[in-house]
Amino acid sequence: MPDQPKHPKHPNQPKQPNQPTHPTSTTPPSYPTALGASGPKRITLLGQDLAEDIMGSVGFGELAFWLATQRRPSPGETRVFEAVLAALADHGFTPTAIVSRLTYLSAPDSVQGALAAGLLGGGSRFLGVTEDTGHYLAAVVTSLGTEHPAPDDQTAWDSLARRTIQHTHSAHELIPGLGHHLHKEGDPRTQRLMDIAREEGLFGPHLTLFEAIGRTHPSVLGRTLPLNGAGVCGAALADLGLPLPLLRGFALLARTAGLIGQLAEEIRTPVARDIFASVEQHSTPIPPTPLPSASPQE
């Protein structure tokens with residue numbers, strides 16, 4: 001009787017080793033953090049006793065700065081940082097506020113959903129400009145001393161700003177922080193924040209370059225645009241040495257307070273239902289407009 005053929009192993013079947021490839025480690029895992037830690041009787045935060053050293057002694061803005069940098073800010077840094085938070089907290093019925101109110105109308109049992117809806121709208125047109133401006137200015141400031149000499153007076157800063165604007169304009173890109181849909185004659189937040197930074201000795205290279213852009217852009221663009229509040233906030237945060245990838249996070253932190261205010265007012269004086277009804281009543285049916293067909297592959 002012929003031998004029966006052996007069935008080959010399935011190609012995807014894992015090989016079963018006789019012994020473990022890697023011996024099991026007896027060392028417990030470690031997850032280091034300098035932030036919060038809790039024990040049965042004590043909570044620490046940033047190396048401080050939360051109940052004894054922080055609660056009632058450290059303001060929320062100061063704590064937010066401290067958490068992000070793991071160093072306690074000076075009183076001047078705290079003042080500039082909290083001025084930024086105030087500048088970005090709320091601007092009325094912006095898309096982020098409207099969507100929060102509408103989400104609360106749809107799901108009043110989900111305050112977190114309403115807040116999240118508003119925060120998710122923080123992008124390139126609203127709130128994200130803070131981060132974009134910080135990155136834009138930092139790229140130029142970082143190049144100083146390598147690609148260009150560091151400016152030492154207003155004329156040199158203006159020259160650097162003009163070159164920066166020309167480069168951006170020739171690339172057909174927008175200059176973040178320049179222009180505002182409403183404050184055509186000047187954003188009231190911009191000069192105030194610059195004044196506060198100067199008073200505290202924290203008017204650094206990012207704010208200096210941003211101010212120079214405000215002076216020089218008309219000669220390049222052929223029109224005058226205001227330096228907006230979101231942009232000056234990005235410049236101020238960069239001068240404070242805060243992490244550039246987190247600049248939008250600070251804008252969202254500020255807007256969270258504003259959105260809570262929007263929801264509190266929605267509870268007392270609701271408008272979301274009227275917004276919904278207005279859109280529904282004024283919607284206009286139109287014929288479908290199909291997208292153009294994709295071009296055939298060559």
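Contact here means heavy atoms within 4.5 Å. This is a predicted model, in which local features need pLDDT of at least 70 and side-chain atom pairs count only at pLDDT 80 or more, while totals for chains, interfaces and linings use all residues. Residues are numbered from 1 along each chain as its sequence is written, and side-chain values use heavy atoms, with hydrogens and water left out.

**View 1. Asp158 in helix H7.** Helices (H or I, at least four residues) and strands (E, at least two) are DSSP runs, numbered from the N terminus. Buried means under 20% relative accessible area, exposed over 50%, and partly exposed in between (1.4 Å probe, protein chains only). Asp158 has a relative accessibility of 13%, so it counts as buried. Setting aside neighbours within four places in sequence, Asp158 is in contact with Ala212, Arg215 and Thr216.

**View 2. The protein as a whole.** Zooming out for a moment, the protein has 12 helices and three strands. Of its 298 residues, 37% count as buried. Take the contacts between residues at least 6 apart in sequence: 70% of them join residues at least 24 apart.

**View 3. The largest nonpolar core, with 45 residues.** A nonpolar core is a set of buried Ala, Val, Leu, Ile, Met, Phe, Trp, Tyr and Cys residues joined through side-chain atoms within 4.5 Å. Phe81, Leu193, Leu207, Leu209, Ile213, Leu237 and Leu242 have the most contacts inside this one. Elements giving it two or more residues include H2 (60–69), H3 (75–88), H8 (188–199) and H11 (247–268). H3 supplies the largest share, seven residues. Look at Leu237: not counting residues up to four places away in sequence, Leu237 touches Phe81, Val84, Thr130, Leu242, Leu247 and Phe250.

**View 4. H3 crossing H11.** Two packed helices are described by the angle between their axes and the distance between the axes. Axes are lines fitted to C-alpha atoms, for helices over the stretch in contact, and angles run from 0 to 180 degrees between N-to-C directions. The axes of H3 and H11 cross at roughly 60 degrees and come within 8 Å. That makes H3 oblique to H11; angles under 35 degrees count as roughly parallel, over 145 as roughly antiparallel, 65 to 115 as roughly perpendicular and the rest as oblique. On the H3 side, Phe81, Leu85 and Leu88 meet Phe250, Ala251, Leu253, Ala254 and Arg255 of H11. By class, this contact of H3 with H11 has seven nonpolar, no polar and one charged residues. For these classes, Ala, Val, Leu, Ile, Met, Phe, Trp, Tyr, Cys and Pro count as nonpolar, Asp, Glu, Lys and Arg as charged, and the others, Gly among them, as polar.

**View 5. H8 packed on H10.** These two helices, H8 and H10, pack at about 20 degrees, their axes 8 Å apart. That makes H8 roughly parallel to H10. H8 brings Arg189, Thr190, Leu193 and Met194 to the contact, and H10 brings Gly229, Ala230, Val232, Cys233 and Ala236. Sorted by class, the residues of the contact of H8 with H10 are six nonpolar, two polar and one charged.

**View 6. Asp49 in strand S3 (residues 48–49).** Here's another aspartate: with 14% relative accessibility, Asp49 counts as buried. Leaving aside neighbours within four places in sequence, Asp49 is in contact with Arg42, Ile43 and Ile54.
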